Amino acid sequence: MLKTGYTKVDNLLIERGTGLVTHRQFRLIVTVKKYQFGKDPPFVSSKTIAKLIGVSERTVIRESLKLQKMGLLIRGKGTKAEWDFTPLFERLRQM
């Protein structure tokens with residue numbers, strides 16, 4: 001049986017995010033947030049995210065690089081690096 005749970009999604013992302021990120025990027029962000037516990041940025045592999053949203057790992061890497069170029073994401077180094085969306089939420093608050 002599938003274990004269910006809840007993922008907290010900031011209302012700023014729901015209300016203002018569609019003008020800033022694509023639907024695929026939105027899904028990536030929400031899926032990464034599934035792995036955030038507390039205030040620290042989540043640590044999850046691109047491979048895990050790809051499996052959950054039904055795309056290739058390369059697609060996840062490509063979309064995360066786009067978000068980094070847009071200044072909305074800070075990624076650590078390594079295969080299971082942190083995903084820091086602080087810049088995204090700072091931008092959303094300014095909109």
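**View 1. Leu 72 sits in the loop between H4 and E1.** The model shown is predicted. Leu 72 has a relative accessible area of 0%, so it counts as buried. Beyond four places away in sequence, Leu 72 touches Leu 20, Val 21, Leu 67, Asp 84, Phe 85, Pro 87, Leu 88 and Arg 91. Pro 41 is 31 residues from Leu 72 along the chain. The C-alpha atoms of this pair are separated by 14 Å.

**View 2. Helix H5 (86-94) and its cover.** Four names make up the buried set of H5: Pro 87, Leu 88, Phe 89 and Leu 92. The cover over these buried residues includes H1, H2, strand E1 (74-75) and E2. Two of the residues, Pro 87 and Leu 88, are also touched by Leu 72 of the H4-E1 loop.

**View 3. The largest nonpolar core has 20 residues.** Leu 28, Ile 49, Leu 67, Trp 83, Phe 85 and Leu 88 have the most contacts inside the core. Helix H1 (11-16), H2, H3, H4 and H5 each give two or more residues to this core.

**View 4. Helix H2 (residues 23-33) packs against helix H3 (residues 46-53).** The angle between the two helices is about 115 degrees. Their axes lie 10 Å apart. The crossing of H2 past H3 is right-handed. H2 makes the contact with Arg 27, Leu 28, Thr 31 and Val 32. H3 supplies Ile 49, Leu 52 and Ile 53. By class, the contact residues are 5 nonpolar, 1 polar and 1 charged.

**View 5. Ile 49 and its neighbours.** Ile 49 belongs to the H3 side of the contact with H2. Leaving out residues up to four places away in sequence, Ile 49 touches Leu 28, Thr 31, Val 32, Tyr 35, Val 44, Val 60 and Trp 83. Leu 28 and Trp 83 are, with Ile 49, among the residues with the most contacts inside the largest nonpolar core.

**View 6. The buried residues of H2.** Gln 25, Leu 28, Ile 29, Thr 31, Val 32 and Lys 33 are buried. Their cover includes H1, H3, H4, strand E2 (83-84) and H5.

**View 7. Arg 62 lies in helix H4 (residues 57-69).** The relative accessibility of Arg 62 is 35%, so this residue counts as partly exposed. The side chains of Arg 62 and Thr 59 are joined by a polar contact of 3.2 Å.

Technical notes
Residues are numbered from 1 along each chain as its sequence is written. This is a predicted model: local features need pLDDT of at least 70, side-chain atom pairs count only at pLDDT 80 or more; totals for chains, interfaces and linings use all residues. Side-chain values use heavy atoms; hydrogens and water are left out. Axes are lines fitted to C-alpha atoms, for helices over the stretch in contact, and angles run from 0 to 180 degrees between N-to-C directions. A crossing is left-handed if the near helix is turned anticlockwise from the far one by less than a right angle, and right-handed if clockwise. Contact means heavy atoms within 4.5 Å. Ala, Val, Leu, Ile, Met, Phe, Trp, Tyr, Cys and Pro count as nonpolar, Asp, Glu, Lys and Arg as charged, and the others, Gly among them, as polar. Buried means under 20% relative accessible area, exposed over 50%, partly exposed in between (1.4 Å probe, protein chains only). A polar contact is a pair of N or O atoms within 3.5 Å; within protein, one must be able to donate a hydrogen and the other to accept it, and residues adjacent in sequence count only if both atoms are side-chain atoms. A nonpolar core is a set of buried Ala, Val, Leu, Ile, Met, Phe, Trp, Tyr and Cys residues joined through side-chain atoms within 4.5 Å.
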